[in-house]
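Subject: Structure handover and notes

Dear colleague,

Please find the structure below, followed by my notes on what was found in it. I would be grateful if you read the two side by side.

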Amino acid sequence: MENTMSAPQKGLLYYFNRITSNDGKDWFLTLTWIFVFEIISSIIEYYHLSIARTYVIDIQDGVFKEFLIAIFVTFFIWHFVYSIVNMHRNQFYFLIMYGLLGLYFYITKDMTFNLLFHNIINPFEFEFNGFGVYTIVQFTIKLIIIYLIFKMFQGFKYSKLKNS
């Protein structure tokens with residue numbers, strides 16, 4: 001019997017899986033989305049928690065800071081042109097990640113990635129600042145990341161079976 005479900009019957013989870021993990025077949029795509037959600041989580045945490053600002057190391061304006069920004073912008077432009085020329089869907093997801101990294105730099109001024117690395121190393125750390133919208137959003141993001149980690153392991157298994 002053939003699976004002939006219409007688009008409304010497939011649901012939101014079906015489309016979420018297609019975009020974030022190619023139905024559990026692409027572990028690298030899933031890892032990219034985990035980083036995207038961690039960047040979003042770090043930006044939200046920076047805005048709502050004063051303790052998050054303690055992780056940010058301020059780099060004084062100067063040649064070093066301008067050099068870091070120039071490298072980031074150059075890589076972003078190169079990757080953008082490469083993605084347009086080759087038209088790979090996964091490349092556009094990288095552009096989303098790079099765009100969010102640029103937004104992260106702009107908002108947090110964290111050129112050392114210290115806050116971001118702290119959140120990536122401890123993805124399940126959850127600071128409470130009372131119960132409110134911040135807590136609900138962060139809890140939702142952490143649940144999505146847990147789900148994506150599961151899908152990433154599923155992608156590892158798929159690629160191992162595919163290569164066998």
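Val73 is partly exposed, with a relative accessible area of 39%, where partly exposed covers the range between buried (under 20% relative accessible area) and exposed (over 50%), taken with a 1.4 Å probe and protein chains only. The residue is found in helix 4, and helices here are DSSP runs of H or I with at least four residues, strands being E runs of at least two, both numbered from the N terminus.

Before going further, please note that this is a predicted model, in which local features need pLDDT of at least 70 and side-chain atom pairs count only at pLDDT 80 or more, while totals for chains, interfaces and linings use all residues. Residues are numbered from 1 along each chain as its sequence is written, and side-chain values use heavy atoms, with hydrogens and water left out.

**Surface patch**

Val73 belongs to a nonpolar patch on the surface that it forms with Ile69, Ile77, Phe80, Val81, Ile84, Val85 and Phe92, and together these residues have about 660 Å² of accessible area. Such patches are made of residues with over 30% relative accessible area and no salt bridge, nonpolar side chains (Val, Leu, Ile, Met, Phe, Trp, Tyr) being joined within 5 Å and like charges within 9 Å; the areas come from the Shrake-Rupley method with a 1.4 Å probe, and for residues only the protein chains shown count as cover. Helix 4, which spans residues 63–86, gives the most to the patch, with 7 residues.

The protein chain has 7 helices and 0 strands, and buried residues make up 34% of its 164 residues. Among contacts (heavy atoms within 4.5 Å) between residues at least 6 apart in sequence, 69% join residues at least 24 apart.

Leaving aside neighbours within four places in sequence, Phe37 is in contact with Phe16, Ile141, Ile144, Ile145 and Leu148.

In helix 6 the buried residues are Leu115, Leu116, His118 and Asn119. Seen down the helix axis, they fall within an arc of 160° and so line one face of helix 6, the arc being that of the directions from the axis to the C-beta atoms.

Ser41, in helix 2, is buried with a relative accessible area of 0%, and beyond its neighbours within four places in sequence it is in contact with Gln138, Ile141 and Lys142.

The structure holds 2 salt bridges, each a side-chain nitrogen of Lys or Arg within 4 Å of a carboxyl oxygen of Asp or Glu. Glu38 forms one with Lys142, the closest N and O atoms being 3.8 Å apart, and this pair links distant parts of the chain, since Glu38 lies in helix 2 and Lys142 in helix 7, 104 residues apart. Glu38 counts as buried at 1% relative accessibility, as does Lys142 at 6%. Arg18 pairs with Asp23, with closest N and O atoms 3.4 Å apart; here Arg18 is partly exposed at 31%, and Asp23 is partly exposed at 28%.

With best regards
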